[in-house]
Amino acid sequence: GTEEFPHGVRLTTMLDRLECFFSLNNYFRTGRVSLGRLKQAMVSGYDVALFFDFMCLPQVGLNDRGEVVPRSKSEEKVFNQCLPNMGHLYSMLPVLVLPHVVEGVHPYEESGWCYSELNIAFLGEQLHQYSEGAESIVPYGSSQIGTDEFSAAFEAGLQQKRFFSEADRDTVRNIVMDFTHKRFVLDAVKNSQSQLVQDLLSRLPDTRKWVFLDQAVDRHLNTFLHIATQNCCLATVDVLLQNGADATLRNRRGDTAACFLMVPRISRAASRCRNSTPQRDPRAGSPLEAVEMSEISASSHCDGNASAF
């Protein structure tokens, strides 16, 4: 803590920002007045689930003598399970950016890992609810996603960021490009562009493709197949199934792609899902485990400051 922030700058500024959104007394402080915001403030007595970024994971500590205290085996297991999946939270849940830093620390927008988190949240369209102003830090607009202009703007911004390890710059580039690909595929699925979906998926090796198709794409934990079936687009559903999409995966409500509120959908796309089995080679083993371990080795450090709800 400091004299200005006796309880620590992170905790103090985070609670202050949360008060703006979840307290009726501070309803007008954000400058955004709406019925949704009013409802949110009026039920502020409800619990708010908050994932506070890297700080929520088990950390390597220091004892009273200044000696390093390593993670226990169980803590290391939790750390290795959570770290490669942190990016999915930024892309699926509303993100609150906390740019405040103490004196002597470089600004939030100069951090390479913060730049990564910000881009992932932008690609997942998760900044508008709690971090509207943070979108100005991203050097491109939504219309540029997947274009050469996007790649050039992102790369130019990346080259200006700070990293503790220079190798992290390549890691951030690969992570953001993966989430860019995810956004591009999701847009194609939403727009029922089945041939484009096929072209994009064909760029991925099978093991990565299966993990990719199993991922949730929104806060309801819908997969690409859920979205395609909701749109009743049989051609897109066929493309996803042929590439290994799993029709048995359930969203947050417990629905498979062929159901809505546990009631079977009646479209041809839903019928195709009910009669399908994942087109995967069982000899390939567990693709999820392989990809998680590769991401862990590449993502050994994070210094960002963002919270996902």
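User: What does accessible surface stand for here, and how much of it belongs to carbon and sulfur atoms?

Analyst: Accessible areas come from the Shrake-Rupley method with a 1.4 Å probe. This is a predicted model. For its protein chain, the accessible surface comes to about 16500 Å². Carbon and sulfur atoms hold 54% of that.

User: How many helices and strands does the protein chain have?

Analyst: The chain has 13 helices and six strands. Buried residues make up 45% of its 309 residues. For contacts, look at separation in sequence. Among contacts with a separation of 6 or more, 65% join residues 24 or more positions apart.

User: Which residues of α1 are buried?

Analyst: Buried means under 20% relative accessible area. In α1 that holds for V9, R10, T13, M14, L18, C20, F21 and F22. They cover an arc of only 165° around the axis, so they lie on the same side of α1.

User: Now α8. Which of its residues are buried, and against which helices do they pack?

Analyst: Helix α8 spans residues 194-201, and its buried residues are V197, L200 and L201. Their arc is only 95° around the axis, which puts them on the same side of α8. The buried residues of α8 pack against α7 (167-190), α9 (206-214) and α11.

User: Where does N243 lie, and is N243 buried or exposed?

Analyst: N243 sits in the loop between α11 (234-242) and β4 (259-260). Its relative accessibility is 7%, so N243 counts as buried.

User: With which side chains does the side chain of N243 make a polar contact?

Analyst: A polar contact needs a pair of N or O atoms within 3.5 Å. The side chain of N243 makes one with the side chain of Q198, at 3.0 Å. Another joins the side chains of N243 and K209, also at 3.0 Å. Leave aside neighbours within four places in sequence, and N243 is in contact with Q198, L201, K209, W210 and L213. L201 is also one of the buried residues of α8.

User: On to cysteines. How many disulfides does the structure hold?

Analyst: A disulfide is a pair of cysteine sulfur atoms within 2.5 Å. The structure holds zero. Take C82: the nearest cysteine sulfur, that of C56, is 9.3 Å away. C82 has 30% relative accessibility, so C82 counts as partly exposed. For C233, the nearest cysteine sulfur is that of C232, 9.1 Å away. C233 counts as buried because its relative accessibility is 12%.

User: Last, backbone angles. What is the phi of E125, and what is the phi of M262?

Analyst: Most residues other than glycine have a negative phi. Phi of E125 is near 55°, a positive value. E125 lies in the loop between α5 (112-123) and α6 (148-158). With a relative accessible area of 43%, E125 is partly exposed. Phi of M262 is near 70°, again a positive value in a residue other than glycine. M262 is found in the loop between β4 and β5 (263-264). Its relative accessibility is 52%, so M262 counts as exposed.

Conventions. Residues are numbered from 1 along each chain as its sequence is written. This is a predicted model: local features need pLDDT of at least 70, side-chain atom pairs count only at pLDDT 80 or more; totals for chains, interfaces and linings use all residues. Side-chain values use heavy atoms; hydrogens and water are left out. Buried means under 20% relative accessible area, exposed over 50%, partly exposed in between (1.4 Å probe, protein chains only). Helices (H or I, at least four residues) and strands (E, at least two) are DSSP runs, numbered from the N terminus. The arc is that of the directions from the helix axis to the C-beta atoms. A polar contact is a pair of N or O atoms within 3.5 Å; within protein, one must be able to donate a hydrogen and the other to accept it, and residues adjacent in sequence count only if both atoms are side-chain atoms. Contact means heavy atoms within 4.5 Å.
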